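User: I would like to go through the labels used for this model. Please set each one against its definition.

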Amino acid sequence: MKSPEFLNSVVFFMAEGMELFLFAVFGERVATESRAMADAAYCASWWRLPPRYRVYFGLMIQRAQRPCYLKAANWLNCSLESYMTVLRASFSMMALLQNINEKGGLGLEQEGV
């Protein structure tokens, strides 16, 4: 437990966890602000504006129907929900590897070699 490799691993995983958390928080903020923009456009009395500005509000309302998200690798939305999913999967894998390590690892017949 006190080996330098273990301490390096702990520091590395804590730093990566903090980085992922920051991406998730800012991704959540982008999505929240995007939804707030849609609400503001819907609640504004845009019909009282001159026709030139009504077109802009119409475009804003149309664009607001698709909220913005911060994405990782263009397939995973950065949000607190996805952060928790990644954490759960990481801890499950860590528990599995620890369990395999405590039982002496995989034997040759279990590895399929």
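User: What makes the lining of the largest pocket divide as it does into nonpolar, polar and charged residues?

Analyst: The lining holds 13 nonpolar residues, five polar and one charged. Ala, Val, Leu, Ile, Met, Phe, Trp, Tyr, Cys and Pro count as nonpolar, Asp, Glu, Lys and Arg as charged, and the others, Gly among them, as polar. This is a predicted model, where local features need pLDDT of at least 70, side-chain atom pairs need 80 or more, and totals for chains, interfaces and linings use all residues. Residues are numbered from 1 along each chain as its sequence is written, and side-chain values use heavy atoms, without hydrogens or water.

User: What makes a space a pocket, and what is the volume of the largest pocket?

Analyst: On a 1 Å grid over the protein atoms alone, a pocket is an open set of points with protein on both sides within 12 Å along at least five of seven lines. Lining residues have an atom within 4 Å of a point. A volume is the space filled by probe spheres set on the points, which are joined across faces, edges and corners. The largest pocket has about 720 Å³. Of its 19 lining residues, Ser-9, Phe-13, Ser-90, Phe-91 and Met-94 are the closest to its centre. H1 and helix H3 (80-102) each give two or more residues to this lining. The largest share, ten residues, comes from H3.

User: Why is Ser-34 called buried?

Analyst: Its relative accessible area is 13%. Buried means under 20%, exposed over 50%, and partly exposed in between, with a 1.4 Å probe and protein chains only. Therefore Ser-34 counts as buried. Ser-34 lies in helix H1, where Gly-27, Ala-31 and Ala-38 are among the other buried residues.

User: Which residues does Ser-34 contact, leaving aside its neighbours within four places in sequence?

Analyst: Pro-67 and Cys-68. Contact means heavy atoms within 4.5 Å. A polar atom of the Ser-34 side chain also lies 2.9 Å from the backbone nitrogen of Cys-68.

User: Why is Ala-40 called partly exposed?

Analyst: Ala-40 has 45% relative accessibility, so it counts as partly exposed. Ala-40 belongs to helix H1 (residues 4-43). Helices are DSSP runs of H or I with at least four residues, numbered from the N terminus.

User: How do you know that the span of H1 is close to the expected one?

Analyst: The expected span is 1.5 Å times one less than the number of residues. H1 has 40 residues, and 58 Å is expected. From first C-alpha to last, H1 reaches 58 Å.

Methods:
On a 1 Å grid over the protein atoms alone, a cavity is a set of points where a 1.4 Å probe fits but cannot get out, and a pocket is an open set with protein on both sides within 12 Å along at least five of seven lines; lining residues have an atom within 4 Å of a point. A polar contact is a pair of N or O atoms within 3.5 Å; within protein, one must be able to donate a hydrogen and the other to accept it, and residues adjacent in sequence count only if both atoms are side-chain atoms.
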